[in-house]
Amino acid sequence: MHKSVAVVGAGPAGLYLAEVLAKRLAGAQVDVIERLPTPFGLVRGGVAPDHQGTKNIVRQFERTLQRDNVRFHGNVEVGRDVGYEELRQAYDAVVFATGALQDRRLGIPGEALPGVYGSGAFVGWYNGLPDFRDLAPELPGGAVAIIGNGNVALDLARILAKSEAELASSDLCAHARAVLFSARLTDIYLIGRRGPLEATFTPESLAELGALGRAVPLVDSTRIPAAAEGLEPKEQKIKEQNLELLRGFAANRPELKPLRIHLLFQAAPVGVLGTERVEGLRLEHTRLEGGRAEPTGETFELPVSTVITAIGYRSAAIPGLPFDERRGRVANAGGRVEPGVYATGWCRRGPQGVIPANRTDALGVAELVLEDLAERPAGNRPGRPALERLLAERGAEPVSFADWQAINGAESGRAEAGRPREKFTRVEEMLALLGRERTAARTG
Ligand SMILES: Cc1cc2nc3c(=O)[nH]c(=O)nc-3n(C[C@H](O)[C@H](O)[C@H](O)COP(=O)(O)OP(=O)(O)OC[C@H]3O[C@@H](n4cnc5c(N)ncnc54)[C@H](O)[C@@H]3O)c2cc1C
């Protein structure tokens, strides 16, 4: 009998792992189970719509999903369509690669007011994730605050700042284009509690802010340290490049372009202001001590009408799967969760690192799986037939790789000239395209 492995999640971590196992386990069946009808995780739903080059990695992932011993089971959610224990019983090994999509909260008064959005939701909305299709964010114009000092915050600022022409070759979804292109924004505040040296921007992304058609980046030169010191060489170079870019931004004149992007360092949000909806943001200046932000008691207010937080994510708990509540990720020791159960990618180590970092992670976890499987009798679990039986019993509507190719083709086919695709943003739409209807019992 075959050895059977289930990989839960078809994002980079799951697909890098499936590739290694499919190659190294002769005769094994590797089932990739994904809750959406579409594969590729945050490469589709997170990576910015104007960074199409980054999305090219999906070609490699497609080859993995087309391997003879790999099967894609899309539109199948663990915890909804199939349970944790059921999977454990059915497969020789189960690897969770479910990512981290829930926005961390600021924990400040006013955070629940309409007009405050998490970046996972906001980015998911403009990137067409079905979960956030109906977010309908309000962008009444004027000023927007983006809280966070990483590349996701830069992505948000850039997408809000770019003109229609600058996004003409992106796959920004039609419903988002309608809202973003009619928003009359004048100011975008990018807010970090700490300083430029603590920000996790990459120079490439920071530089993009300086090359926008209608927006000018600005920063207070007194917040820019003279040099980056005492870091390991690679890190030091990145920080020095960032400082150089910031010095350039500090010399910009605000009247240069109609939209201003203010990079505010050493400013901690302490309250969202407003009664019915967001009317402003109160912040406190901080001072830096050993890289930590300490309060100064000195506050100020910004008259913003929208707040977007980009301060990190938590994984969703799956009933039965051991979960570390405090850290917001799957409980694991170096990738091992329980006998025969593993975790990799963002759900294992938290929401940090670019796409290739998940390859390194997956290679390590694959070694553990291979090691453990070598010690067990070959293929003593039913694997795929058990999964398919459970899904059939429950009236699930699994989406195969061929089905995904049909969705993919239809998305490209209906795109405006110059755009790579016009995404389907509702599961129902995708199933209808495949000639299926979601059954009444599974509309959740
Ligand atoms: C906004 C944003 C922009 C980014 N931009 C870049 C970039 O430009 N370049 C770069 O290198 N990196 C970027 N990253 C980082 C990159 O996206 C991550 O490193 C990577 O996606 C993490 O991979 P993962 O497989 O762990 O998680 P994910 O990509 O999130 O994949 C997890 C998958 O698991 C599925 N899943 C979840 N729960 C279940 C369940 N219960 N059952 C079945 N399936 C489930 C999800 O639907 C998803 O498809 C960005 C991240 C974000 C948030």
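**Reading the ligand site and the domain interface**

Analyst: Start with I355: one of its backbone N or O atoms lies 2.9 Å from an oxygen atom of the ligand. This is a predicted model, in which local features need pLDDT of at least 70, side-chain atom pairs count only at pLDDT 80 or more, and totals for chains, interfaces and linings use all residues. Residues are numbered from 1 along each chain as its sequence is written, and side-chain values use heavy atoms, with hydrogens and water left out.

User: Which backbone atom of G353 lies 2.8 Å from the ligand, and what does it face?

Analyst: Think of a polar contact as a pair of N or O atoms within 3.5 Å. For G353, a backbone N or O atom sits 2.8 Å from a ligand oxygen. V78 has a polar backbone atom 3.0 Å from a nitrogen of the ligand.

User: How much of the ligand's accessible area does the protein cover?

Analyst: Accessible area comes from the Shrake-Rupley method with a 1.4 Å probe. On its own the ligand has 1000 Å², and the protein covers 90% of that.

User: Which elements give two or more residues to the shell?

Analyst: Helices are DSSP runs (H or I, at least four residues), numbered from the N terminus. Here the elements are α1 (12-24), α7 (151-161) and α12 (355-375).

User: Which residues come nearest to the ligand?

Analyst: A residue is near if one of its heavy atoms lies within 4 Å. Of 31 residues around the ligand, E34, L42, W346, G353 and I355 come nearest. The shell holds 17 nonpolar, 10 polar and 4 charged residues, with Gly counted as polar.

User: Why does the ligand lie between the domains?

Analyst: Domain bounds come from an automatic or database assignment. Domain 1 (4-101 + 315-442) and domain 2 (104-313) both give shell residues, so the ligand lies between them. Their C-alpha centres are 31 Å apart.

User: How many residues are in contact across the two domains?

Analyst: Contact means heavy atoms within 4.5 Å. By that test, 30 residues of domain 1 touch 29 of domain 2. Buried area is the accessible area (1.4 Å probe) lost on joining two parts, summed over both. Here it is about 2400 Å², with carbon and sulfur atoms giving 48%. In domain 1, P49, R419 and T425 lose the most area to domain 2, together 25% of what that side buries.

Notes:
A polar contact is a pair of N or O atoms within 3.5 Å; within protein, one must be able to donate a hydrogen and the other to accept it, and residues adjacent in sequence count only if both atoms are side-chain atoms.
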